[in-house]
Each structure stands twice: as structure tokens, then as C-alpha cells.
Amino acid sequence: EPLTSGVKGQTLLGPMCPVMQEGVECPDQPYQATLTVLTLDGQEVTRFDTDAEGKFQVNLPPGDYILHPEVPVGKMIPAAADVPFTVLPDLFTNVILTFDSGIR
């Protein structure tokens with residue numbers, strides 16, 4: 001039977017402005033990225049690309065996982081930290097992953 005649980009969410013890139021100025025909107029931008037889902041002991045479960053708007057939805061069996069952002073080969077940025085998450089039965093866990101643009 002099809003899995004009714006997993007992870008969904010969006011990858012973003014920010015900051016998009018060198019200096020945040022009061023009253024100036026500078027929202028994080030959607031970012032297309034490659035993400036790997038790992039088990040807690042580092043085994044790869046699946047790897048996928050987010051869409052052009054950074055959105056993703058992946059079916060996973062219930063359990064504890066780590067969402068690992070893949071950084072382009074030879075580049076330090078944009079980079080993002082691993083995000084641990086838990087999948088519960090019949091639910092999609094929502095994760096927002098923000099890549100650091102390096103803009104300061």
C-alpha cells in the first residue's frame with residue numbers, strides 16, 4: 001500500500017541583501033537544491049532535487065531521519081546545516097531548510 005507519511009517542505013536561500021535595513025523587505029528566496037535523507041547512523045535513504053520553487057515532498061516510512069543538504073562540488077556556499085526530523089504514521093513532517101548565501 002502506498003506510504004502516507006514522509007517529509008515535505010521548502011529550501012530557501014538567504015540573506016539576499018548585504019545589510020538588512022529597517023522597513024526594507026528582503027525575504028529569503030526559494031532555492032533549488034539537492035537533498036539527501038539519511039538515517040541517524042548516516043545511511044542514505046533517498047536523494048532528490050527540490051523544484052524551482054524549492055518545494056519538495058517525499059514519501060518515507062515513519063522513523064527518525066536527517067535531512068542533509070548537498071553542497072555543489074568545490075563550493076563552500078551556499079551551505080546549510082543538517083536538519084533532524086521525525087516522520088510519524090500518516091503524517092508529512094514539514095521542514096524549512098535555509099541555505100546561507102554568504103551575503104553579509
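Biologist: Over how many bridges do β3 and β6 pair?

Modeller: This is a predicted model in which local features need pLDDT of at least 70 and side-chain atom pairs count only at pLDDT 80 or more, while totals for chains, interfaces and linings use all residues. Residues are numbered from 1 along each chain as its sequence is written, and side-chain values use heavy atoms, with hydrogens and water left out. Strands (E, at least two residues) and helices (H or I, at least four) are DSSP runs numbered from the N terminus, and two strands pair if DSSP finds at least two bridges between them. By that rule β3 and β6 pair in the antiparallel sense, over six bridges.

Biologist: How many strands does the protein chain have?

Modeller: Along the sequence the pattern is β-β-β-β-β-β-β-β. The chain has zero helices, and its strands number eight.

Biologist: How many bridges join β6 to β7?

Modeller: In this pair D64 stands opposite T86 in β7. The two strands run antiparallel, and the bridges between them number five.

Biologist: Which residue in β4 is the bridge partner of T36?

Modeller: The bridge partner in β4 is R47.

Biologist: Is T36 buried or exposed?

Modeller: Buried means under 20% relative accessible area and exposed over 50%, with partly exposed in between (1.4 Å probe, protein chains only). Contact means heavy atoms within 4.5 Å, and, not counting residues up to four places away in sequence, T36 touches E44, T46, R47, I66, L67, H68 and E70. Because its relative accessible area is 1%, T36 counts as buried.

Biologist: Which residue in the hairpin of β3 and β4 takes a positive phi?

Modeller: Q43 lies in the loop between these strands and touches V37 and L38, leaving aside residues up to four places away in sequence. The hairpin has four residues between its strands, and the one with a phi near 90° is G42.

Biologist: What separates the C-alpha atoms of Q43 and Y65?

Modeller: Q43 belongs to the loop between β3 and β4. Along the chain the two residues are 22 residues apart, while their C-alpha atoms are separated by 9.7 Å.

Biologist: Where does D90, which is not a glycine but has a positive phi, lie?

Modeller: Most residues other than glycine have a negative phi. The phi of D90 is about 65°. D90 counts as exposed because its relative accessibility is 58%. D90 lies in the loop between β7 and β8.

Biologist: What is omega for the cis peptide bond that joins I77 and P78?

Modeller: Most peptide bonds are trans. A cis bond also joins G14 and P15, with omega about -5°, and P15 is in the loop between β1 and β2 (29-30). P78 lies in the loop between β6 and β7. For the bond of I77 and P78, omega is about 0°.

Biologist: What percentage of the residues of the protein chain count as buried?

Modeller: The chain exposes about 6,400 Å², of which carbon and sulfur atoms supply 54%; accessible areas come from the Shrake-Rupley method with a 1.4 Å probe, and for residues only the protein chains shown count as cover. Of the 104 residues, the part that counts as buried is 34%.
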